[in-house]
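User: Hi! I have a model open and would like to walk through it with you. Can you help me find my way around?

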Amino acid sequence: MQTKIVGVDCDEGTPVPIPNTVVKLIYAENTWLVTAREDRSMPTSKTELIFSVPFFCENIYSEEQHVTYLIICPLVFLAGFVDAVAGGGGLISLPAYMLAGLPVHNAIATNKMSSTMGTSIATYQYAKSGYIPWKLVGFCIAAAFAGSTCGANLALIVDDYYFKILMLIILPLTAFYVTRPRSFADDKIPYSQTRTTVYSMFIALGVGVYDGFYGPGTGTFLILFLTALAHMDLKKANGTTKAVNLTTNISALVIFLLHAKVVLPLGIIAGAFNIAGNYIGTKFFDRGGAKSVKMLTIVVIAIFFVKILLEVLS
């Protein structure tokens, strides 16, 4: 993130002035590394000066710092709204962090924090409304964890390029299914409790593999498959998806926090916006039902298709 440092605010003393230089902020472990160059035109390799600011001096004043929040917070709010209704909010929020200039690992970790905060509110709202079948959800969570572990290991040995090519075929077919008149209808004949649980576990296992291997759009796929294959009604499918997502998000967030990859001030503020988006999204879902989900699901699939296409072409 190229910017201009004005001063560093430590816990002790007043802000320390720093010369007017071109700098690059890198967050690593417990230290902010600031790479400074006096002359923008000189070769970086000959003019880099790396110095550290202790972790308790997190509040680095920047002339462009407010731009980071202006980029991220509105998009994270929108992501929370979309995620609460149809899943797939990460397709909006993660690019927002990267667009603002955060390094990839910090973007993923901080996004995980804000999305976990928002999903917790959505899960609470759906549980309060009776949309979460808790007996079934426990089995789904266990299956999703197992699938995610397998997917992560698979990602280490298989090039994701081939997976992306497969997704370019699957996504248009998924969009076609969603646009059908009764794709999210609640008049499907429900299965027995045992059959629904078994189908849901296999769905959570398969989507968990996808989540561990690649990840984006996991919530959307869970909702689609739970309604289409397990004959779960839309409200319970959405509630189940939120409970599964919250559990897997918390486990990932703990890992990121232990490795100091989360930019905490940004994550907390963005998380507040995500909470607001999720809260409004749950209310919108209550009123709009299948129509609102169908509309936003098509939007999420379209964004996802364009994202993968650009990655493959690049």
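Analyst: Happy to! Let's begin with alanine 260, which sits in the loop between α9 and α10 (264-288). Keep in mind that this is a predicted model.

User: What is the phi of alanine 260 like, positive or negative?

Analyst: Alanine 260 has a positive phi, about 55 degrees, although the residue is not a glycine.

User: And is alanine 260 buried or exposed?

Analyst: Alanine 260 counts as buried, because its relative accessibility is 14% and the cut-off for buried is under 20%.

User: Nice. What about histidine 231, where is that one?

Analyst: Histidine 231 is in the loop between α8 and α9. Its phi is also a positive value, near 55 degrees, in a residue other than glycine. Histidine 231 has 22% relative accessibility, so it counts as partly exposed.

User: Changing topic: how many cavities of 30 Å³ or more does a search of the whole structure find?

Analyst: The search finds 3 cavities of that size. The largest cavity has a volume of about 50 Å³.

User: Which residues line the largest cavity?

Analyst: The lining is made of Ala144, Ala204, Val207, Gly208, Asp211, Thr218, Leu222, Val244, Asn245 and Thr248. The elements that give two or more residues to this lining are α7 (193-213), α8 (218-228) and α9 (234-258).

User: Which element gives the largest share?

Analyst: That is α7, with 4 residues of the lining.

User: How do the lining residues divide into nonpolar, polar and charged?

Analyst: The lining of the largest cavity has 5 nonpolar, 4 polar and 1 charged residues.

User: Where is leucine 154 found?

Analyst: Leucine 154 belongs to helix α5, which covers residues 134-155.

User: One last stop: which helix does proline 95 lie in?

Analyst: Proline 95 lies in helix α3, residues 90-99. With 35% relative accessibility, proline 95 counts as partly exposed.

User: And how far is proline 95 from alanine 107?

Analyst: Their C-alpha atoms are separated by 8.4 Å, and the two residues are 12 residues apart along the chain.

Terms used:
Residues are numbered from 1 along each chain as its sequence is written. This is a predicted model: local features need pLDDT of at least 70, side-chain atom pairs count only at pLDDT 80 or more; totals for chains, interfaces and linings use all residues. Side-chain values use heavy atoms; hydrogens and water are left out. Buried means under 20% relative accessible area, exposed over 50%, partly exposed in between (1.4 Å probe, protein chains only). On a 1 Å grid over the protein atoms alone, a cavity is a set of points where a 1.4 Å probe fits but cannot get out, and a pocket is an open set with protein on both sides within 12 Å along at least five of seven lines; lining residues have an atom within 4 Å of a point. Grid points are joined across faces, edges and corners, and a volume is the space filled by probe spheres set on the points. Ala, Val, Leu, Ile, Met, Phe, Trp, Tyr, Cys and Pro count as nonpolar, Asp, Glu, Lys and Arg as charged, and the others, Gly among them, as polar.
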